[in-house]
Amino acid sequence: MNGTGRLTYPSGASYEGEFKDNTFHGRGIYMFQDGSKYIGDFHTNKLQGEGLYIDTKELEWTGKFYNKAAPGLKLKLEM
């Protein structure tokens, strides 16, 4: 698949965004099974680049993601 679309897994996890050669590639939103989500860049099914992670407590974390690693994430605070 190439272009934009939505994929939902039996577990409840889902991805909505850009696809290239049947992989998550470009901008997208991945909703994890636990309700947390990642909004940002993907490269061949991996979280890769600038993104926003919203955890299960709705805290927002921003920074650069490298597959499953995200060194230096910053918590977004509202004052």
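1. Start with Ser 36. Ser 36 counts as buried, because its relative accessibility is 1% and the cut-off for buried is under 20%. Keep in mind that this is a predicted model.

2. Where does Ser 36 lie? Look in the loop between strand 3 (23-31) and strand 4 (37-43). Ser 36 is in contact with Tyr 30, Met 31, Tyr 53, Ile 54, Asp 55 and Thr 56, leaving aside neighbours within four places in sequence.

3. The side chains of Ser 36 and Tyr 53 are joined by a polar contact of 3.1 Å. Tyr 53 itself is partly exposed, at 23% relative accessibility. Tyr 53 will return in the points on aromatic rings.

4. Now the charged pairs. How many salt bridges does a search of the whole structure find? The search finds 4. Among them is the one between the side chains of Glu 16 and Arg 6, at 3.1 Å from N to O. This pair links distant parts of the chain: Arg 6 sits in strand 1 (residues 3-8), Glu 16 in strand 2 (residues 14-20), and they are 10 residues apart.

5. Glu 16 counts as partly exposed, at 43% relative accessibility. Arg 6 has 52%, and the cut-off for exposed is over 50%, so Arg 6 counts as exposed.

6. A further salt bridge joins the side chains of Lys 64 and Glu 50, at 3.5 Å from N to O. Which strands does the pair link? Lys 64 is in strand 6 (residues 60-66) and Glu 50 is in strand 5 (residues 46-54). The two are 14 residues apart. Lys 64 is partly exposed, at 41% relative accessibility. Glu 50 is partly exposed too, with a relative accessible area of 41%.

7. Lys 76 forms a salt bridge with Glu 60; the closest N and O atoms are 3.3 Å apart. Lys 76 is partly exposed, with a relative accessible area of 49%. Glu 60 counts as partly exposed at 24%.

8. Turn to the rings. A pair of aromatic rings is described by the distance of the centres and the angle of the planes. The count here comes to 10 aromatic pairs. One of them is Tyr 30 with Phe 32: 4.8 Å centre to centre, 65 degrees between the planes, edge-to-face. Tyr 30 is buried, with a relative accessible area of 16%. Phe 32 counts as partly exposed, at 29%.

9. Phe 32 also pairs with Tyr 53. Why is this pair edge-to-face? The planes are at 70 degrees, and the cut-off for edge-to-face is over 60, so the pair qualifies. The ring centres are 6.2 Å apart. The pair links distant parts of the chain, 21 residues apart: Phe 32 in the loop between strand 3 and strand 4, Tyr 53 in strand 5.

10. Which residues form one aromatic cluster? They are Tyr 15, Phe 19, Phe 24, Tyr 30, Phe 32, Tyr 38, Phe 42, Tyr 53 and Phe 65.

Conventions:
Residues numbered from 1 in each chain as written. Predicted model: local features only at pLDDT ≥ 70, side-chain atom pairs only at ≥ 80, totals over all residues. Heavy atoms only, no water. Helix = DSSP H or I, 4+ residues; strand = E, 2+ residues; numbered from the N terminus. Buried < 20%, exposed > 50% of the residue type's maximum accessible area, 1.4 Å probe, protein only. Polar contact = N/O pair within 3.5 Å; in protein donor to acceptor, adjacent residues only side chain to side chain. Contact = heavy atoms within 4.5 Å. Phe/Tyr/Trp six-rings, centres within 6.5 Å; stacked < 30°, edge-to-face > 60°.
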